[in-house]
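Please keep the sequence and the model at hand while reading.

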Amino acid sequence: MGSTVISVMPLFLSLLILYVPLGGGTSPISCYNDQGDAVDWFYMYKLPKDHGRKSPKEGEKYLLLEKGSEGWTDGKGTVNDTTGALGRTVGQLYSQGKNTEVAYILYNDQRPPEEDFGDRWVDNSGSRGGHTKGVVLLDKNQGFWLVHSTPRFPPVRQAGEYYYPSSGVTNGQNFICVTYPLDRFRTIGEQLQINQPNVYDCHVPESLASLVPALAAICEKKHLSGHTFAHAKTLSNRSVTLTSKDGTNFISFAKGASFDNDLYHSWVAPTLQSDLLVQFWIHSKGILPSDCSLGWKVLDITLINPGQKFTFKASHDHSKWAVSPKAAGEGVGGGWVCVGDINRNEAEEKRGGGTVCQQDPVVWKAYRTAALECEACGGGTIQC
Ligand SMILES: *[C@@H]1O[C@H](CO)[C@@H](O)[C@H](O)[C@H]1NC(C)=O
Ligand SMILES: *[C@@H]1O[C@H](CO)[C@@H](O)[C@H](O)[C@H]1NC(C)=O
């Protein structure tokens with residue numbers, strides 16, 4: 001009997017050690033999956049409420065696609081769980097506690113509610129700042145950039161713990177998380193400067209400020225000028241290739257207010273040399289119809305079914321993503337997927353924001369099969 005105890009103990013201890021990195025301060029700042037493994041990148045599709053079902057967590061379920069997977073997989077729990085991919089990833093902000101050597105920027109044109117940060121909540125949907133939402137978190141080695149579409153997400157660091165707000169439950173939402181080495185955050189900061197984000201919480205320690213000067217400037221500006229967006233001489237737009245920690249290339253498209261044009265039709269499609277099917281929030285005013293001028297067909301998606309779960313209208317989806325109708329290799333420029341924070345409407349032509357694109361066959365198939373029906377150029381509904 002004694003020998004059983006002795007042989008079981010080491011296994012038990014080694015399991016403990018395996019799990020310690022999540023709670024300890026030594027795990028790398030990274031995107032994490034549902035299992036708690038650091039991953040190079042993931043896409044998350046938070047599904048809208050399925051009105052045909054009445055389960056209590058309806059509207060908090062998601063599909064996940066990470067590097068190495070073969071397509072969408074069902075999320076293990078809900079977007080509100082601290083043990084899910086989103087909770088583990090964004091949760092690093094709160095679990096860092098008093099670690100002042102970590103830099104972070106939280107930005108959202110729809111800030112979290114006032115009780116979270118002791119400031120007056122302002123709905124900036126109509127403001128001149130960027131229509132842009134995201135999280136940047138890094139230390140002296142590496143970090144992640146999460147671009148998403150969820151209003152009032154995530155909570156400020158002072159909130160002390162991760163949660164997903166009720167404002168993001170009813171509609172579909174998208175997330176792209178990519179893990180990058182430190183030096184990439186120099187460029188990411190410059191892209192964000194072009195986006196003119198509404199920063200509602202941030203910290204860039206002195207030890208990192210000279211390494212990521214644009215992020216430091218964005219954070220500084222928040223403290224100096226609050227809600228004003230006085231941008232003297234920023235670029236109107238710029239696209240850059242960002243290589244992830246493990247070597248995957250992404251293209252970041254960032255535009256500012258002065259770009260004054262539709263991101264997808266005037267810039268992304270011609271740059272990628274690809275037609276695009278675009279999902280966006282169609283409840284805003286001045287929606288841009290599908291546009292087949294300039295040599296590229298940019299079609300508004302109207303009906304969606306990611307992962308063949310259930311079919312919903314674009315009007316129930318607050319996500320902003322675009323996919324090439326054709327695979328890579330079928331003619332020029334196929335196989336792209338872009339996930340970002342800008343809609344196709346008149347007001348957002350004059351707002352900052354952008355999208356992050358990747359040409360990967362698995363990601364392409366996951367998004368391409370989600371697009372069922374589109375608006376034809378000139379009107380009418382067609383199969384995408
Ligand atoms: C998320 O979890 C917190 C704490 O468990 C809970 O108070 C909150 O109502 C949940 N939010 C949603 C949108 O489910
Ligand atoms: C800005 O966008 C235009 C298309 O409107 C494109 O031709 C140009 O190359 C972009 N500029 C940069 C720096 O990416």
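In helix α2 of this predicted model, the residues A85, L86, G87, R88, T89, V90, G91, Q92, L93 and Y94 are buried, where buried means under 20% relative accessible area, exposed means over 50%, and partly exposed is in between, with a 1.4 Å probe and protein chains only. Because ten of the eleven residues of α2, which spans residues 85–95, are buried, the helix is largely enclosed by the rest of the structure. In general, an α-helix has 3.6 residues a turn, so residues three or four places apart point the same way.

Of the 384 residues in the protein, 54% are buried. Among contacts (heavy atoms within 4.5 Å) with a separation of 6 or more, 68% are between residues 24 or more positions apart. The accessible surface of the protein, from the Shrake-Rupley method with a 1.4 Å probe and, for residues, only the protein chains shown as cover, comes to about 16,400 Å², and 54% of this surface belongs to carbon and sulfur atoms.

As for how the model is read, residues are numbered from 1 along each chain as its sequence is written, while chains are lettered from A and ligands numbered from 1 in the order in which they are written. Local features need pLDDT of at least 70 and side-chain atom pairs count only at pLDDT 80 or more, whereas totals for chains, interfaces and linings use all residues, and side-chain values use heavy atoms, with hydrogens and water left out.

The structure holds five disulfides, a disulfide being a pair of cysteine sulfur atoms within 2.5 Å. When the bonded cysteines are numbered in sequence order, they pair as 1-2, 3-4, 5-9, 6-7 and 8-10. Three of these links are set out below.

| Disulfide | S to S distance | Torsion about the S-S bond |
|---|---|---|
| C31 and C177 | 2.1 Å | -90°, left-handed |
| C338 and C357 | 2.2 Å | 105°, right-handed |
| C374 and C384 | 2.2 Å | about 105°, right-handed |

The disulfide of C31 and C177 links distant parts of the chain, with C31 in strand β1 (residues 31–32) and C177 in strand β9 (residues 173–181), 146 residues apart. Both C31 and C177 are buried.

For the disulfide that joins C338 to C357, C338 lies in strand β17 (residues 336–340) and C357 in strand β18 (residues 353–359), so the pair ties together parts that are 19 residues apart in sequence. C338 is buried, with a relative accessible area of 0%, and C357 likewise counts as buried at 0% relative accessibility.

In the disulfide formed by C374 and C384, C374 belongs to strand β19 (residues 371–375) and C384 to the segment after β20 (381–383), so this link ties together parts that are ten residues apart in sequence. Here C374 counts as buried at 0% relative accessibility, whereas C384 is partly exposed, with a relative accessible area of 22%.

Turning to the ligands, a residue is near a molecule or strand if one of its heavy atoms lies within 4 Å of it, and ligand 1 is surrounded in this sense by E60, N80, Y164 and V169. Polar contacts are pairs of N or O atoms within 3.5 Å; within protein, one atom must be able to donate a hydrogen and the other to accept it, and residues adjacent in sequence count only if both atoms are side-chain atoms. An N or O atom in the side chain of E60 lies 2.8 Å from an oxygen atom of ligand 1, and a polar side-chain atom of N80 is 2.3 Å from an oxygen atom of ligand 1. Of the 360 Å² of accessible area that ligand 1 has on its own, the protein covers 41%.

Ligand 2 is surrounded by N237, R238, S239, F259, S266 and W267. Taken alone, ligand 2 exposes 360 Å², of which the protein buries 48%. Strand β11 (237–243) and helix α6 (263–272) each supply at least two residues of the shell around ligand 2, and β11 gives the most, with three residues.

Technical notes. Helices (H or I, at least four residues) and strands (E, at least two) are DSSP runs, numbered from the N terminus.
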